[in-house]
Structure formats: C-alpha cells, structure tokens
Amino acid sequence: MNIDKILEIVSYTLPSLITGGVAYFFFTSYFKDQQNTRRWLLLKENQKESLPLRLQAYERMVLFLERIHPAQLLLRVVPPTEDKNDYATLLIHAIQTEFEHNLTQQIYITNECWDVINKSKTTTVQMIRKASLNMEIANASQLREAVLRELTEMEAPTSVAISFIKEELKSVL
C-alpha cells in the first residue's frame, strides 16, 4: 500500500515539476530578452546623443590640424622680430596654445586617433625646432622659407593626421 501512495504522489508531482521547470525556463529567457532589449534601446539613445558630440570633436581636431599646418601657421603668425629663435618659439607657442584649447576633445575620439594627432603636433614642432637650429638660417624670414621648403619635400604631418581622421570617420558613420 505504501508503494501505491508513493506512485500516486510521484504521478502528481512529476508533471508539476516538469511544468514548473519549463515555466521557469521560459520566464528567465523572456526576462533576459527584455533586459537585452532595454539595454539595446538605452545604447541606441545614448549613441543618438553622443554621435553629434563625437562628430564635433572630429571637426574641431581637423580645424586644429589645419591651424597648425606649417604653411597656414607661417602665414598667420607674423615674426615680431628677425630673430629666428624668437620666431620659432612664437610658432611653437601658437601650436601649444591651439593644442591646449582642444585638449578635452580627446574624450570623444579614439585613442589611436588622439595618438596620431599628438604625433602630428609633435612632428610639426620638431620640424620648426630643427629648422631654427640650422646654422645656415640667420633670421626669421629664412626660417619661414626653410620650413616651407621642407613641406615641398615631404607631406605635412598634419595632412597625414587629417587623412587618418577622415578614414576613421567612415567607420563612425
């Protein structure tokens, strides 16, 4: 008689456990799907708000690179005296000021892009410093000519960085 009671209990309990297990599986799957959907919607909403900020950061960095392009910089920054070292220092100071003005944009662009921009700035500063250390260059006018001459022989570092930004923007959009 005990065996009949046990079988009867098992016959009622087993279908209940199976139904409960299936219901648990479906509910957890449903809630995980809902959570993923909410997460995706939040990400989409954040992306909609952050994309204009990122694009603006890329624009500002292109503007920065255009402003520190040696040819543009030499036209914009007039030498106060004929001393080549003073002029080189003034040019480098102008580059550094522009850079500091745009420093916060790095939070909106990729690390790789920021490194390229930073290297471009550093290479431009080195180009000016190298020309100012040349003993054959006597004054600021000759320094300007030397930097412009070097630009005809090689591509400006800022142009390389702008090309990089354009390529990266293709993946952002």
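Which residues does Gln142 touch, not counting residues up to four places away in sequence? They are Glu136 and Ile137, where contact means heavy atoms within 4.5 Å. This is a predicted model, in which local features need pLDDT of at least 70 and side-chain atom pairs count only at pLDDT 80 or more, while totals for chains, interfaces and linings use all residues. Residues are numbered from 1 along each chain as its sequence is written, and side-chain values use heavy atoms, with hydrogens and water left out.

**Nonpolar core**

- The largest nonpolar core has 35 residues. Such a core is a set of buried Ala, Val, Leu, Ile, Met, Phe, Trp, Tyr and Cys residues joined through side-chain atoms within 4.5 Å.
- Leu65, Ile109, Ile117 and Ile165 touch the most other members of this core.
- At least two core residues come from each of helix 1 (2-68), helix 2 (70-76), helix 3 (84-101), helix 4 (111-133), helix 5 (140-153) and helix 6 (157-172). Helices (H or I, at least four residues) and strands (E, at least two) are DSSP runs, numbered from the N terminus.
- Ile165 is in contact with Tyr58, Met61, Val62, Leu65, Cys113 and Ile117, leaving aside residues up to four places away in sequence.
- In soluble globular proteins, nonpolar side chains tend to be buried together.

**Helix 1 against helix 3**

- Helix 1 and helix 3 pack at about 175 degrees, and their axes are 10 Å apart. Axes are lines fitted to C-alpha atoms, for helices over the stretch in contact, and angles run from 0 to 180 degrees between N-to-C directions.
- The two helices are therefore roughly antiparallel. That term covers angles over 145 degrees; under 35 counts as roughly parallel, 65 to 115 as roughly perpendicular and the rest as oblique.
- From helix 1, Arg60, Phe64, Arg67 and Ile68 meet Ile95, Glu98, Phe99 and His101 of helix 3.
- By class, this contact has four nonpolar, one polar and three charged residues. Ala, Val, Leu, Ile, Met, Phe, Trp, Tyr, Cys and Pro count as nonpolar, Asp, Glu, Lys and Arg as charged, and the others, Gly among them, as polar.

**Salt bridges**

- The whole structure holds two salt bridges. Each needs a side-chain nitrogen of Lys or Arg within 4 Å of a carboxyl oxygen of Asp or Glu.
- One joins Glu98 and Arg67 (2.6 Å, N to O). The pair links distant parts of the chain, with Glu98 in helix 3 and Arg67 in helix 1, 31 residues apart.
- Glu98 is buried at 14% relative accessible area, and Arg67 is partly exposed at 31%. Buried means under 20%, exposed over 50% and partly exposed in between (1.4 Å probe, protein chains only).
- Glu167 and Lys170 form a salt bridge as well (3.1 Å, N to O). Both lie in helix 6, three residues apart, about one turn of the helix.
- Lys170 is exposed, at 59% relative accessibility.

**Two further residues**

- Arg76 belongs to helix 2 and is partly exposed at 34%.
- Beyond its neighbours within four places in sequence, Arg76 is in contact with Arg67 and Glu98.
- Gln142 sits in helix 5 and is partly exposed at 30%.
- Gln142 and Ile6 are 136 residues apart in sequence and 105 Å apart in space, C-alpha to C-alpha.
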